[in-house]
Every structure is written in C-alpha cells, then in structure tokens.
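Hi,

Here is the structure I promised to pass on.

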Amino acid sequence: GEHDLVAFVKEIMVAFERIASKHKIDFQLITSETEMTVWFDVNMLDKVIFNLLSNAFKFTPDKGRVYLYIKRNSQDQVQIVVEDNGIGMTESELAHVFEVFYQGDNSYKTLGTGLGLALSKELIALHNGTISVRSQPNKETAFTIALPLGKSHFLEEQLRHDQVEDFSMDQKLEL
Ligand code: ATP
Ligand code: MG
C-alpha cells in the first residue's frame, strides 16, 4: 500500500540505536524530506532495510559511521542509500554479493547465512526497483535501492498480495 517512507525508515532505525551507541557508531538519517509517500510492501521493504543495516553494523568497526540517505531521484523515483565506512569489499567479492549463500572472504565476524542480499534483490525486483552496490576495501560500502514512487510500476502479482496485506491490516485495526 501507500506509506510514508521517512517514518517507516525511522522506525526500523530505532532497532539499531542500542548497537550504535554501544559501538560508538555515528548513526544518522540524512534527508531533506519530512514525509514521502511511496507505494511499497511493508513486510518486504522491512526485511531489505533491516538486512542492509545489520550488514552495515556487522562490518563496521567501533567508532565508524552508518548513514542512511533518502532522496528523490527524479519525479517518479526514490533512492534509499545505506552507507558505512567499514571493512568494505574487493572487486571480486562485489561480483558475488547478491548470490545465494555468498559470504565474503573477509567475513571473519560474520553471523548469518549469506541469504540477506539475494533475498533483498528478489524483493526489490518485485517492486520493479533496483539494488546496487559500490565499495572499496577498508574504506566504504554503499548499497542503493531505487524504487518507483507510484503503484503503476508495481508488478501485478505483487499488487494482489498487497491488497490482501492491507485487508489484514484493516482487520487488525478493528481489534
Ligand atoms: P544473512 O544476511 O543471511 O544473515 P550475510 O549478512 O552474511 O547473512 P548477506 O546480507 O547476503 O549475507 O551479505 C553477503 C556478504 O556480503 C556478507 O557476508 C559480506 O561478506 C558482504 N557484505 C554485505 N554487506 C557488507 C558491508 N556493508 N560491508 C562489507 N561487506 C558486506
Ligand atoms: Mg546480511
């Protein structure tokens, strides 16, 4: 359904505030938007942003930074960027990062299964969006999600699922 992307992202960020302060990580949302209405599936985008943030925190040493940007790319597209200054990735790691079960050579402190980004790519594709990455070892990593703003781009199949989701949300509100 239609949701305020800025409020949605802020809510996910709350879950990382404790780990940020524990590891003295500079954690910020950088946007000039106060509100932005976007058509997306709450459950899917939650998984994607949660995974990007947990990766950023997992691979960024103490006193580093994790910045999340929301910016309007054009009239009909929004960009969400999750950027960190952690261990980064080499060109050869980057080439595999969206593959199922892939974990980088330098994932010494990795917990997980290597599924997060492969799943994220599928979930963003269902929104007719894209996810891309740029990185430099020991310098920075930035994942960029580009999403269409309106529902006209939303894949038919997903649209039906979304109506079901909105219906069950209405049901919950009645309780
Ligand atoms: P899961 O997400 O299933 O818990 P995971 O985090 O290892 O496990 P992905 O999220 O798919 O899996 O990430 C795949 C690999 O990409 C990681 O193991 C890591 O090697 C690399 N990677 C992802 N994000 C970053 C990042 N911000 N900095 C450095 N390396 C990263
Ligand atoms: Mg992950």
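This is a predicted model: local features need pLDDT of at least 70, side-chain atom pairs count only at pLDDT 80 or more; totals for chains, interfaces and linings use all residues.

Residues are numbered from 1 along each chain as its sequence is written, and chains are lettered from A and ligands numbered from 1 in the order in which they are written.

Five strands make an open, mixed sheet, ordered β2-β4-β5-β7-β6. Strands here are DSSP E runs of at least two residues, helices are H or I runs of at least four, both numbered from the N terminus, and two strands pair if DSSP finds at least two bridges between them. At the edges sit β2 (26–31) and β6 (130–136), each pairing on one side only. β4 (residues 65–74) and β5 (residues 77–84) are antiparallel partners over eight bridges, with I70 opposite I80 in β5.

V78 touches, beyond its neighbours within four places in sequence, L5, M36, V38, I70, R72, N73, L147 and L149 (contact: C-beta atoms, placed from the backbone, within 7 Å).

Now the ligand. Ligand 1 is surrounded by 23 residues, the closest being N55, G104, G112, G116 and L117 (near: the C-beta atom, placed from the backbone, lies within 6 Å). Both α3 (42–58) and α5 (116–126) supply at least two residues of that shell.

How values were computed
Two residues are in contact if their C-beta atoms, placed from the backbone, lie within 7 Å.
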